[in-house]
Amino acid sequence: MKKSPLLNIALSQLIASLGHGESIVIGDAGLPVPPGVPLIDLALTRGVPGFMDTLQTIMTEMQVEHHVLADELPLHSPQLAQQIEALGLVDKRTLPHADFKRMTHSAKAVIRTGEFTPYANIILVAGVVF
């Protein structure tokens with residue numbers, strides 16, 4: 001059995017397969033998934049699993065070079081924006097939500113959570129550990 005916190009097989013395989021510069025998306029329950037982009041659907045019910053629980057768990061295994069958030073997040077969900085900021089992720093980039101959704105088209109996968117908080121979406125771009 002694995003020793004690290006991430007137990008989901010599909011997520012472990014996804015993270016292990018990432019190359020430098022490839023991205024994954026962690027999204028709320030309403031984020032559209034572009035055609036052709038694989039979906040790992042974790043959503044069970046409203047709020048389960050939550051966005052932050054999912055993000056924190058993925059961060060235990062993924063080397064992140066930079067991340068992308070929608071400009072609208074701090075205005076519409078300031079508490080969530082502060083929680084993300086408190087994680088100390090490097091190199092934050094922001095863009096309008098419409099552009100964010102266009103960026104999801106090039107993601108290696110979208111991870112759907114049960115989150116119902118507006119704009120609870122992040123793109124994580126893989127770095128290297130050396």
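**Close-up views of a predicted model**

**View 1. The buried residues of helix 4.** In helix 4 (residues 78-86), the buried residues are L80, A81 and I84. Looking down the axis of helix 4, these buried residues lie within an arc of 105°, so they line one face of the helix. An α-helix has 3.6 residues a turn, so residues three or four places apart point the same way. The coordinates shown here are those of a predicted model.

**View 2. The other side and the end of helix 4.** Q79, Q82, E85 and A86 are exposed on the other side of helix 4.

**View 3. Packing around helix 4.** Which elements do the buried residues of helix 4 pack against? Two are helices, helix 2 (51-59) and helix 3 (73-76). The others are strand 3 (64-70) and strand 6 (122-126).

**View 4. The chain as a whole.** The chain contains 5 helices and 6 strands, which run α-β-β-α-β-α-α-β-α-β-β from the N terminus on. Its C-alpha trace spans about 40 × 35 × 35 Å along the principal axes. A compact globule of 130 residues would have a radius of gyration near 14 Å, and the 14 Å of the chain agrees with this. Of contacts between residues at least 6 apart in sequence, 87% join residues at least 24 apart.

View 5. Of the 130 residues, 43% count as buried. The chain exposes about 6900 Å², and carbon and sulfur atoms supply 56% of that area. The chain has 9 positive and 12 negative charges, whose mean positions are 4 Å apart.

Terms used. Residues are numbered from 1 along each chain as its sequence is written. This is a predicted model: local features need pLDDT of at least 70, side-chain atom pairs count only at pLDDT 80 or more; totals for chains, interfaces and linings use all residues. Side-chain values use heavy atoms; hydrogens and water are left out. Helices (H or I, at least four residues) and strands (E, at least two) are DSSP runs, numbered from the N terminus. The radius of gyration is taken over C-alpha atoms; the globule rule is 2.2 Å times the number of residues to the power 0.38. Buried means under 20% relative accessible area, exposed over 50%, partly exposed in between (1.4 Å probe, protein chains only). Contact means heavy atoms within 4.5 Å. Accessible areas come from the Shrake-Rupley method with a 1.4 Å probe; for residues, only the protein chains shown count as cover. Lys and Arg count as positive and Asp and Glu as negative; His and the chain ends are not counted. The place of a charge is taken as NZ of Lys, CZ of Arg, CG of Asp or CD of Glu. The arc is that of the directions from the helix axis to the C-beta atoms.
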